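Dear colleague,

Please find below the structure I promised to pass on to you. My notes on what was found in it follow directly after.

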Protein chains: 2
Amino acid sequence: MKFIAEIDIMPLKALLDPQGKAVSQSMEKVGFNEISNVRIGKHITLEIESDSREKAMERINDACNKILTNPIIEGYSYTLKEV
Amino acid sequence: MKFIAEIDIMPLKALLDPQGKAVSQSMEKVGFNEISNVRIGKHITLEIESDSREKAMERINDACNKILTNPIIEGYSYTLKEV
């Protein structure tokens, strides 16, 4: 079975997000005063071959923890769709 | 009304995604052979004050086109949730 995973990786809520803060401030300067609390992370899509949905999820958790994220400063969530 | 927008910004399908390609290759090297076609973009969350959902969507499209994305190389999609 083949799945497509859509993974969101965001800076943990408890941490400052300097990139997001900078964009929040720019928003104000260029007239988007109604926009606030910008936070910026990564969006990753990938394809994974697996025998089952459970196995695929296990492998994606592995990949997220080992390669794709830094668990000290980032959290992740994902959706998995069979194709 | 206050909304939270979750925006995904991805390199256009027609373009190479060097960062994604590099991660795809790393996956193989560290034993995730079943993972392929990694593509990497940005995930942005923000809060927006607006009189209506329609107005909020218009402003978010504006912000995406003018500040958050480079429309020549990136596409975006988003969901909007009232809070």
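I begin with the largest pocket, whose lining is made up of 28 residues, with M10(A), K13(A), N37(A), R39(A) and T45(B) lying nearest its centre. The elements that each contribute two or more residues to this lining are β1 (2-11), α1 (18-29), β2 (35-49) and β3 (74-82) of chain A, together with β1 (2-11) and β2 (35-49) of chain B. Its volume is about 530 Å³, and by class its lining divides into ten nonpolar, ten polar and eight charged residues.

Before going further, please keep in mind that this is a predicted model, in which local features need pLDDT of at least 70 and side-chain atom pairs count only at pLDDT 80 or more, while totals for chains, interfaces and linings use all residues. Residues are numbered from 1 along each chain as its sequence is written, chains are lettered from A and ligands numbered from 1 in the order in which they are written, and side-chain values use heavy atoms, with hydrogens and water left out.

Some terms need their cut-offs. A pocket is found on a 1 Å grid over the protein atoms alone, as an open set of points where a 1.4 Å probe fits, with protein on both sides within 12 Å along at least five of seven lines, and its lining residues have an atom within 4 Å of a point. Its volume is the space filled by probe spheres set on the points, which are joined across faces, edges and corners. Ala, Val, Leu, Ile, Met, Phe, Trp, Tyr, Cys and Pro count as nonpolar, Asp, Glu, Lys and Arg as charged, and the others, Gly among them, as polar. Helices (H or I, at least four residues) and strands (E, at least two) are DSSP runs numbered from the N terminus.

The second largest pocket holds about 400 Å³ of space, and of the 17 residues that line it, T45(A), M10(B), K13(B), N37(B) and R39(B) are the closest to its centre. At least two lining residues come from each of β1 and β2 of chain A and β1, α1 (18-29) and β2 of chain B, and the classes here are seven nonpolar, four polar and six charged residues.

T45(B), in strand β2 of chain B, is buried (under 20% relative accessible area with a 1.4 Å probe, protein chains only; exposed is over 50%, and partly exposed is in between), with a value of 15%. Not counting residues up to four places away in sequence, T45(B) touches M10(A), N37(A), V38(A), R39(A), A5(B) and E6(B) (contact means heavy atoms within 4.5 Å). N37(A), which lies in strand β2 of chain A, has a positive phi of about 50° although it is not a glycine, and at 48% relative accessibility N37(A) counts as partly exposed. P11(A), in strand β1 of chain A, counts as buried at 16% relative accessibility, and, leaving aside neighbours within four places in sequence, P11(A) is in contact with D17(A), R39(A), I40(A), G41(A), I73(A) and E74(A).

Finally, helix α2 of chain A (residues 53-68) has A56(A), R59(A), I60(A), A63(A), C64(A) and L68(A) as its buried residues. Seen down the axis of α2(A), these fall within an arc of 140° (taken from the directions from the helix axis to the C-beta atoms), so they line one face of the helix. They pack against β1, β2 and β3 of chain A together with α1 and β2 of chain B, whereas the face turned away from the buried side carries the exposed residues E54(A), E58(A) and K66(A).

With best wishes
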